[in-house]
Amino acid sequence: MSERAQRIGELGYDLAAREREAVASCNLCGSAQHVEVSRVDRYGYPQPLRVCARCGLGFLSPRLTGAGYADFYERVYRPLVSAYHGRLIDARTVQAEQQEYAEELMVFLRESLSTAPATVLDVGGSTGIVAGAVRDAFGSAATVLDPAPDGLAVAAAAGMETIAGFAEDVDYGGRAFDLVLLCQTIDHLLDVGATLAAIRRALAPGGHAFVDVLDVGFMARRRGSIEGAVKVDHPYYLTRATALAYFRQAGLEPAAERMSHDGHWGFLLAAADPAEPDWEELAAARASFLDEVWRLRATGA
C-alpha cells in the first residue's frame, strides 16, 4: 500500500457504506443510455463514472445523495484532499491558491467587461477570496454562496454577505446581480442544468456570468488515465463541447473565453434566448472523447 493510500485509509471514510443514488438519465440531454468508463476514483473509492452515449456528458452513478454530499463537505472533503496531497489543505491554507486564481481572473474580467459590476454573487465561493477580489477591483457589493461553514466564516469575517447551501436549492428571492461567478464549482453540482438556469434568472439586465469548466479530457491526458480524473466530489465531468451545450440550453452565450494552464475553460457569458444544442456536433465530440479513453486504457496507463 502506498503512503497516499494509507493516509486516505486512515480517514475511515467508507463510501460503499453511504447512501447513494443511481442517475438514470443524462442531466444534459435526458438520454438513459450510457457507457461505464471507470469503476474507481483517484482516491481508490469504488466510484463508477459513466458517459452519456448521446452527448458525451460524464457523470458519477451511483453517487452520494444530497444529504450524503452535505455530510461529506462538512466532515470529509478537506481531510481527504489533505490526505491525497500529503499536506494540510483547509479554509486557511487554501486561500493562497485562491488568491492566485483570483488575480488571473481579475485580469480576464478587466479586459472583458465593458462596465464595472455593482453587485457580484460567487456561487460555491468558499472563503470569499474571489468575490473579495471582484469587490476590490470594481467596488462591487459581494455575496458568497457555499455549503461549507468553515469557508463562509472566513468570507463573513472579511465583510461579505454569506448564504449557506447548495446552488441548486437556494432561492435568491428575486434578487439580481450584475456578475455571477461559478468558479471551479460546476463539476461539484448535483444538477448542472438547473443551476445554470438559476444563474440566468439571477442576472440583472446587461449582467454577465463567469463559469469555468475543468475539461475531463485534459485531466485524463494529464493523469494518464480516466481514473486519475475521477473524484467522488465531482458528480459531473464536462468538456468544452458539453459546456457550450449547457449554456445554450440555459440561455447563456459566450462573450469571451480563455483556457487556463490547469485545464479550465473560462467563459464570460451574457444572457440570450435558450436554444437547442447541436446534437450531431456533440455526438462527434463524444465519440472522440471515448476513443481517447480507450487509447489511454490500451496503453496500460
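Biologist: Buried means a relative accessible area under 20%, exposed over 50% and partly exposed in between, with a 1.4 Å probe and protein chains only; what, on that scale, makes helix 3 mostly covered?

Modeller: In helix 3, which spans residues 77-85, seven of the nine residues are buried, namely Y77, R78, L80, V81, S82, A83 and Y84. Helices here are DSSP runs of H or I with at least four residues and strands are runs of E with at least two, numbered from the N terminus. This is a predicted model, in which local features need pLDDT of at least 70 and side-chain atom pairs count only at pLDDT 80 or more, while totals for chains, interfaces and linings use all residues. Residues are numbered from 1 along each chain as its sequence is written, and side-chain values use heavy atoms, with hydrogens and water left out.

Biologist: Which elements cover the buried residues of helix 3, and what is particular about the phi of the residue that follows the helix?

Modeller: The cover includes helix 1 (3-10), helix 2 (66-75), helix 4 (94-112), helix 6 (149-157) and helix 8 (216-223), where contact means heavy atoms within 4.5 Å. After helix 3 comes G86, with a positive phi near 75°.

Biologist: How do you know that the radius of gyration agrees with that of a compact globule?

Modeller: The radius is taken over C-alpha atoms, and the globule rule is 2.2 Å times the number of residues to the power 0.38. For 301 residues a compact globule would have a radius near 19 Å, and since the protein has 19 Å, the two agree. The C-alpha trace spans about 50 × 45 × 35 Å along its principal axes, the protein holds 10 helices and 13 strands, and 54% of its 301 residues count as buried. Of the contacts between residues at least 6 apart in sequence, 67% join residues at least 24 apart.

Biologist: Why are helix 7 and helix 9 called oblique to each other?

Modeller: The axes of helix 7 (residues 192-202) and helix 9 (residues 240-250) come within 9 Å and cross at roughly 50°, each axis being a line fitted to C-alpha atoms over the stretch in contact, with angles running from 0 to 180 degrees between N-to-C directions. Angles under 35 degrees count as roughly parallel, over 145 as roughly antiparallel, 65 to 115 as roughly perpendicular and the rest as oblique; the two helices are therefore oblique. The residues in contact are V192, G193, L196, A197 and R200 of helix 7 with Y246, F247 and A250 of helix 9.

Biologist: How many residues of each class does that contact have?

Modeller: The contact of helix 7 with helix 9 has six nonpolar, one polar and one charged residues, where Ala, Val, Leu, Ile, Met, Phe, Trp, Tyr, Cys and Pro count as nonpolar, Asp, Glu, Lys and Arg as charged, and the others, Gly among them, as polar.

Biologist: What separates G217 from G58 in sequence and in space?

Modeller: G58 and G217 are 159 residues apart in sequence and 10 Å apart in space, C-alpha to C-alpha. G58 is found in strand 4 and, at 3% relative accessibility, counts as buried.

Biologist: Why is Q184 called partly exposed, and why is S126 called buried?

Modeller: Q184 has a relative accessibility of 33% and so counts as partly exposed, whereas S126, with a relative accessible area of 9%, is buried. Q184 is not a glycine, although its phi is positive at about 50°, and S126, also a residue other than glycine, has a positive phi near 55°. S126 lies in the loop between strand 6 (119-123) and helix 5 (129-138), and Q184 in the loop between strand 9 (177-182) and helix 7.

Biologist: What is the omega of the peptide bond between S61 and P62?

Modeller: Omega is about 0°, and the bond joining S61 and P62 is cis; P62 is found in the loop between strand 4 (58-60) and strand 5 (63-64).
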